[in-house]
Amino acid sequence: MALKTEFAFTLPRGYLASDGSVHRRGVMRLATARDEIEPLRDPRVQGADDPYLTIIVLARVITELGTLSAVTPREIENLFAADLAFLQDLYGVINFGGPADVRAFLAEADAALETSSRQQFADIEEDESEEDDDIYDEDEDLDDDDDEEEDEDVEIAVGRRRGSSVIQEVARDN
């Protein structure tokens, strides 16, 4: 069996480029020791606990992001917080978890994205029908708010809590 070194992902929100295009799909490779050591020499990094270290490391290991020709710290700096958290969790899972952890993380993230996309499509259809009918149903609007809150909870659970729990489980096993 060959060692898998690259992992495709889809960002929860997506990188918004200066031209207005959104880049959501990408590829992250396994990190090497150099990927974690070299950024410590960067003058922008003040030590091993500096949050900017994460930015530089992620820029080194993300090999593709949409149609961008290269991923630099500038692109990582401009990610939405949900996307940065997702990538940090993915980094931890692919580098410190086992194959089953990676599959579970990516499957859960895909399911959350699919649910979120379906809800967004349903919200768009509903908005269009409300505009056409000029009818406003306050109870229906309240129900939609509850659904949106549930979707946000799912994204947070996948993007932050799920990856962290996998990392903690791996750490306890070692």
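Predicted model: local features only at pLDDT ≥ 70, side-chain atom pairs only at ≥ 80, totals over all residues.

**Entry: aromatic pairs**

I looked for ring pairs next, and the count came to three. In one of them, the ring centres of Phe9 and Phe86 are 6.4 Å apart with the planes at 55°, so I noted this pair as tilted. Phe9 belongs to strand β1 and Phe86 to helix α4 (residues 81–96), so the pair ties together parts that are 77 residues apart in sequence. I checked their accessibility too: both Phe9 and Phe86 are buried.

Tyr91 and Phe96 make another aromatic pair, an edge-to-face one, with 6.5 Å from centre to centre and 70° between the planes.

**Entry: strands**

I then followed the strands. β1 (residues 6–16) and β2 (residues 22–29) pair in the antiparallel sense, with seven bridges between them. Within this pairing, I traced Ala8 to its bridge partner in β2, Val27. Five residues lie between the two strands of this hairpin, and there I saw that Gly20 takes a positive phi near 95°.

On to the next partner: β2 also runs antiparallel to strand β3 (residues 62–65), joined to it by three bridges. Here I found Gly26 standing opposite Leu65 of β3.

**Entry: a surface patch**

Which residues make the nonpolar surface patch of about 260 Å²? My list reads Leu16, Val22 and Phe80. Val22 has its place in strand β2, and I noted it as partly exposed because its relative accessibility is 47%.

**Entry: a loop aspartate**

Last, I turned to Asp42, which sits in the loop between α1 (33–37) and α2 (52–61). Is Asp42 buried or exposed? Its relative accessible area is 16%, so I marked Asp42 as buried, the cut-off being under 20%. What does the side chain of Asp42 reach? I found the backbone nitrogen of Arg44, at 2.7 Å.

Note on methods: Residues numbered from 1 in each chain as written. Heavy atoms only, no water. Pairing = 2+ DSSP bridges. Helix = DSSP H or I, 4+ residues; strand = E, 2+ residues; numbered from the N terminus. Patch = residues over 30% accessible without salt bridge, like charges linked within 9 Å, V, L, I, M, F, W, Y side chains within 5 Å. Areas by Shrake-Rupley, 256 points an atom, 1.4 Å probe, with all protein chains shown as cover. Salt bridge = Lys/Arg side-chain N within 4 Å of Asp/Glu carboxyl O. Buried < 20%, exposed > 50% of the residue type's maximum accessible area, 1.4 Å probe, protein only. Polar contact = N/O pair within 3.5 Å; in protein donor to acceptor, adjacent residues only side chain to side chain. Phe/Tyr/Trp six-rings, centres within 6.5 Å; stacked < 30°, edge-to-face > 60°.
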